[in-house]
Structure formats: structure tokens, C-alpha cells
Amino acid sequence: MEILVVILQACVVLGAIVMGVRTGGIGLGLWGVVGTAILVFIFRLPPGSPPVDA
């Protein structure tokens, strides 16, 4: 059952990337937010910390 959840999460990530590439520009960022929101609110994954060491 756990492998199915991992596969679904991978599909969400890849789907967000593909949709973002298709829309381009701001759409890439917006689809990234949509993918992250799905992972956080539906799959209950903890969000990562923002990249502050650039």
C-alpha cells in the first residue's frame, strides 16, 4: 500500500512539472504551488523550509 502512495505522489510531482512547462512563465510557479498544496493538504506531507542560504 505504501508503494502506491509513493507512486501517486510521484505522479502529482511530475504532473505539476509537465503542466508548468506547458504554461511557462508564471504558470510554472503556480503549478509548483498547486503540486505542493496537493502534497501538503491531501497527502499530509510536511512542507520543507524555504531556501534562505542562497
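Does Gln9 count as buried or exposed? Select this residue in what is a predicted model. Gln9 has a relative accessibility of 17%, and because values under 20% are classed as buried, it counts as buried.

Next, display the surroundings of Gln9. Apart from neighbours within four places in sequence, Gln9 is in contact with Leu39, Phe43 and Leu45. Gln9 itself belongs to helix H1, which covers residues 2–23.

Now select H1 together with helix H2, residues 26–41. Their axes lie 7 Å apart and form an angle of about 165°. The two helices are therefore roughly antiparallel, and their crossing is right-handed. To view the contact, show the side of H1 formed by Gln9, Val12, Val13, Ala16, Met19, Gly20, Val21 and Thr23.

Then select residues 25–45, which UniProt lists as "transmembrane region" in an unreviewed entry. This stretch is 76% helix and 0% strand. The C-alpha atoms at its ends are 27 Å apart.

Finally, select the entire protein chain. It contains 2 helices and 0 strands, and its C-alpha atoms fill a box of roughly 35 × 30 × 15 Å along the principal axes. Of its 54 residues, 15% are buried. The accessible surface amounts to about 4,400 Å², with 76% belonging to carbon and sulfur atoms.

Conventions: Residues are numbered from 1 along each chain as its sequence is written. This is a predicted model: local features need pLDDT of at least 70, side-chain atom pairs count only at pLDDT 80 or more; totals for chains, interfaces and linings use all residues. Side-chain values use heavy atoms; hydrogens and water are left out. Helices (H or I, at least four residues) and strands (E, at least two) are DSSP runs, numbered from the N terminus. Buried means under 20% relative accessible area, exposed over 50%, partly exposed in between (1.4 Å probe, protein chains only). Contact means heavy atoms within 4.5 Å. UniProt positions are given in the numbering used here, feature names are shortened, and annotations may be inferred rather than shown by experiment. Accessible areas come from the Shrake-Rupley method with a 1.4 Å probe; for residues, only the protein chains shown count as cover. Axes are lines fitted to C-alpha atoms, for helices over the stretch in contact, and angles run from 0 to 180 degrees between N-to-C directions. Angles under 35 degrees count as roughly parallel, over 145 as roughly antiparallel, 65 to 115 as roughly perpendicular and the rest as oblique. A crossing is left-handed if the near helix is turned anticlockwise from the far one by less than a right angle, and right-handed if clockwise.
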